[in-house]
Amino acid sequence: MPQSTLVFHLQGLEALQAAMGDAATRGALAELERGVADIGRQVLTGMETLVSPPSTAPGLWLLPYRTPPATTLGGSTADRQEAVLGAATQLAGTLAREVFGTATASLARLRVHQLPGQADPAGLGALLTQAPPAACGEDEAALQSLIRQGGLRTLLQPIVSFPDGRLLGYEALSRGPQGSPLERADQLFGAAARCGLSRELEIACAWQALNWHGQLPQGQWLTVNLSAPSLRDPELHHALARPGIVVELTEHLPLHDAQALLPLLAELRAGGGQVALDDTGCGFADQQAAEVLRPDFIKLCITIVRNVSRNPAVLEDLGRSIGHLRRLGIRVLAEGVETAREAEILGGFAIDYAQGWLYGKPRAAGEFLPPPAP
């Protein structure tokens, strides 16, 4: 029987540690390891799984398997191996977003490769880092249509004051057409990254989200996700500079990039807008970016929130980071709060706002607000 190896490789580990801190990174790696094992159980059903060789580097997991003869499962060996790789890649994208959140999942990418035979872990990391990026495929035409002709969907998720749970506003989230290959956020934005259309897609999503701003009750906010390149679009930047809009910067910015954004952020604030840093961790890189940008508030990375009830070592880093942010005059939002236990632990820290399934799942914007005027 032909033998292959699924290789899960977390790229950007050093950047992850700089953003999240050591304790949160260790917790995330342990969660990824459990998730990779679960993916293997799902996608290798019907295959002969082999003993995984010990990894020689953090962030590298190998799942060797043999493909049974075609008479057993049907289809050619190549077709079945391609199906395994496709399913593993999709599940890995979901896993990374669950563990890291949107911005950090882009910073530290969980890649899936399939190699023939029994892969040797020694030296494999360097080989995989040099692997060519995935092809754009047939996604470009679908993306161009969504960007130019519409079809994107806006979902909203409540943001509440903490700990009392009073509704303050919503985060605008974007999805592709229901039932399409680009329906989920990871599929939609992953395809845009492969096709070089990330900026165009972000701008289109932002404009659609802004349609709902006028439907908000007085005093509530709408947060809109943008990377630095998208924020530099002059027309969009002007539209965002108004009361009730919070621009969430969705990337971990090096210091020189953060400093270059200061004039744009000053213009947003002059028009009444606010600024948030999304997916902020406890590492030195994110703390330095916060010092430079002085956002109105930061959103604690889901990686941190998920670990507060699982990894006590995170709590010390969290307390130190929140104390530093508060001294800078920056408010704190805990994102991804799913359980009452997480909320109870977070209640011991100086946290202003919260967001997560405990307070409301993302739903179509029209379920929260009246439709915009045509």
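Entry 1, helix 7. I looked up the side of helix 7 that carries Ala141, Arg148 and Gln149, and these residues are exposed. I took exposed as over 50% relative accessible area, buried as under 20% and partly exposed as in between, with a 1.4 Å probe and protein chains only. Helices here are DSSP runs of H or I with at least four residues, numbered from the N terminus.

The model is predicted, so I noted that local features need pLDDT of at least 70, that side-chain atom pairs count only at pLDDT 80 or more, and that totals for chains, interfaces and linings use all residues. Residues are numbered from 1 along each chain as its sequence is written, and side-chain values use heavy atoms, with hydrogens and water left out.

Which residues of helix 7 are buried? In this helix, residues 139–149, I found Asp139, Leu143 and Leu146. They lie on the same side of helix 7 because they cover an arc of only 60 degrees around the axis, the arc being that of the directions from the helix axis to the C-beta atoms. An α-helix has 3.6 residues a turn, so residues three or four places apart point the same way.

The cover over the buried residues of helix 7 includes helix 8 (185–195); contact means heavy atoms within 4.5 Å. After helix 7 comes Gly150, with a positive phi near 95 degrees.

I found zero disulfides in the structure, a disulfide being a pair of cysteine sulfur atoms within 2.5 Å. For Cys205, which is in no disulfide, the nearest cysteine sulfur is that of Cys195, 14 Å away. Cys205 is buried, at 6% relative accessible area.

Terms used. Helix = DSSP H or I, 4+ residues; strand = E, 2+ residues; numbered from the N terminus.
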